[in-house]
Amino acid sequence: MTPALSSTAILVLMFGGLTLFMLTGLPIAFVLGGLSLVITVTLWNPQAVVILVLQIFDTMKSEALLGIPLYILMAALLSRSGVIEKLYRAMELWFGRLRGGLAIGTVVICVIMAAMTGVVGAAVTAMGLLALPEMLRRRYSPELATGTICAAGTLGILIPPSVLTIVYAVTAQVSIGKMLMAGIVPGIILATLYILYIIVISWLKPEVAPLADDTGDVPLAEKLRALRSLILPTFIIVMILGSIFFGIATPTEAAAVGVLGAVIAAAMEKRLTRDALVSSAVDTAKATAMILWITIGAKAYVAIFTGLGGADTLLGLIKSLDVAPIVILLVMMAILIFLGTVLDEIGIILLTVPVFIPVVKFLGFDEIWFGVLYAITIQMGYISPPFGYTLFYMKGTLPPHLSMGVVYRGIIPFFLLQAVGLAIAMAFPGLMTILPTLMDR
C-alpha cells in the first residue's frame with residue numbers, strides 16, 4: 001500500500017484539511033473520522049480502511065478509559081448533592097470580611113472542586129451561579145469576579161482526578177497514577193499565584209474588592225460549625241488521591257470509590273433522588289459518548305497520518321532544525337495554547353500527543369513533565385480571548401447588564417499568571433514530578 005503523494009505533501013494535506021474543516025464548525029469527531037476515511041480511500045488504499053475499524057475496537061476494549069465515565073458520574077452526582085453550596089457558605093463566613101476574601105474563597109472552593117470532580121464546566125458554572133452574584137452584590141469589580149471564576153475553574157484540567165490527565169496518560173502510554181499525582185503541585189502553584197494576585201490588587205486598588213459593610217463579625221463558633229461542610233469533600237479527596245498515591249487502588253478503581261463517595265454525599269444531604277440519579281446517568285452517557293467519538297476519530301486520524309509517513313516526516317524535520325531543544329518545546333506550547341481556543345481538551349490531546357511524544361523523547365524530555373506543561377497550556381487556551389471554552393461557560397451565568405467584554409478584560413491578568421506558572425513548571429521540572437517520583441519509593 002504505497003501513498004500516491006510524498007510524505008511531505010501528505011503532512012501538508014492532512015493538517016491543512018483538518019484546519020479547513022475545523023473552521024466550518026463541524027463536530028471534531030466527525031471531522032477527524034471523515035477526513036481519515038476520505039484520505040485512506042483516495043490517497044492510500046481502500047483496503048487500509050480496516051485500520052479505522054481496528055481503532056474503533058481498540059477504543060471499545062480499553063480498560064484504561066473506563067475511569068472516564070466513572071469520574072464524570074462522580075462529578076454529576078456531586079454537582080447535585082448540595083455539597084458545593086455548603087462549601088461556598090463556609091468560605092463566605094471565613095473570608096467574607098477580608099478585602100478580596102470572596103474571590104480568595106472562590107479559588108479555594110475551585111481547588112476543592114477540582115480535587116473532587118476534575119470537570120471544568122461544573123466548577124465554572126457552579127461558581128458563576130453561586131459566587132458571581134454575591135461578589136457583584138458586594139461591589140466587587142466585575143472583571144476581577146469573572147476573571148477569578150474562569151481561571152480558578154480551569155484548575156480541574158490539572159488537579160486530579162482529571163479526565164484530561166487520564167486521556168493524556170493513555171495516549172502517551174505513561175502511568176495514569178503518576179500522571180494524576182504530577183498535577184497536584186503545579187495546580188497548587190497556580191492557585192497560590194491567583195490568591196497572591198487577588199491580595200495584591202485588592203490592596204493596591206481597594207475599589208475592586210471593597211470590604212463588606214452589611215455584615216457583622218461572625219462568631220468563631222459559627223465559623224467552626226461551618227467547617228463541617230469540609231468533611232465530605234475531604235473524605236472523597238482522600239479516598240481517591242490517597243488510594244492512588246499509596247497504590248491501594250488503580251486510578252479506575254479509585255474512580256469507582258469516588259462514585260461511592262459521591263453517592264454517600266448525596267444521600268447524607270438528602271439529595272439522592274431518582275431524578276438526580278437519572279439526570280446524572282444521562283449527563284454521564286452524553287459526555288462519555290462525546291469523548292469516545294472524539295477518541296475514535298482522533299485515533300483513526302493519527303493511525304492514517306502515521307501510516308502515510310506523516311509522523312516520520314515531521315520528526316525528520318525537527319531533527320534537521322539547528323535550534324535549541326527549548327525553542328522547539330516553546331513552539332509546541334504555543335501550538336497547544338492556540339488549539340485550546342478552538343478545540344476541546346480531549347481533541348487536542350488525542351490529536352497532538354501521538355505527534356509530539358516522539359519529538360519529546362528525541363529531545364530527551366520526561367513525558368510526565370511534558371504532560372504537566374501540556375495541561376497548563378491547555379488551561380491557557382481555555383481562557384484565551386476570544387474563543388476560549390471557559391469564557392463561554394462564564395457567559396451562560398452572566399447577568400444581563402454585563403457583556404463578554406468584561407470577561408475578556410478580567411481574564412487577561414490570570415492568563416499572564418498562567419504564563420508565569422508555565423515558566424515555573426519549565427524551569428523546575430523536578431518540582432513538577434516530585435510526587436510521581438515518591439510513588440516509586
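One cavity of 30 Å³ or more is found when the whole structure is searched, a cavity being a set of points, on a 1 Å grid over the protein atoms alone, where a 1.4 Å probe fits but cannot get out. The model is predicted: local features need pLDDT of at least 70, side-chain atom pairs count only at pLDDT 80 or more, and totals for chains, interfaces and linings use all residues. Residues are numbered from 1 along each chain as its sequence is written, and side-chain values use heavy atoms, with hydrogens and water left out.

## Largest cavity

The largest cavity has a volume of about 60 Å³, where volume is the space filled by probe spheres set on the points, joined across faces, edges and corners. Its lining (residues with an atom within 4 Å of a point) includes Leu 158, Met 179 and Gly 183. H9 and helix H19 (367-382) are the elements giving two or more residues to this lining; helices are DSSP runs of H or I, at least four residues, numbered from the N terminus. H19 contributes the most, four residues.

## Second largest pocket

The second largest pocket holds about 410 Å³ of space; a pocket is an open set with protein on both sides within 12 Å along at least five of seven lines. Of its 20 lining residues, Val 170, Thr 171, Ala 172, Gln 173 and Lys 299 lie nearest the centre. At least two lining residues come from each of helices H3 (49-60), H9 (163-172), H15 (274-307) and H18 (345-363), and H18 supplies the largest share, six residues.
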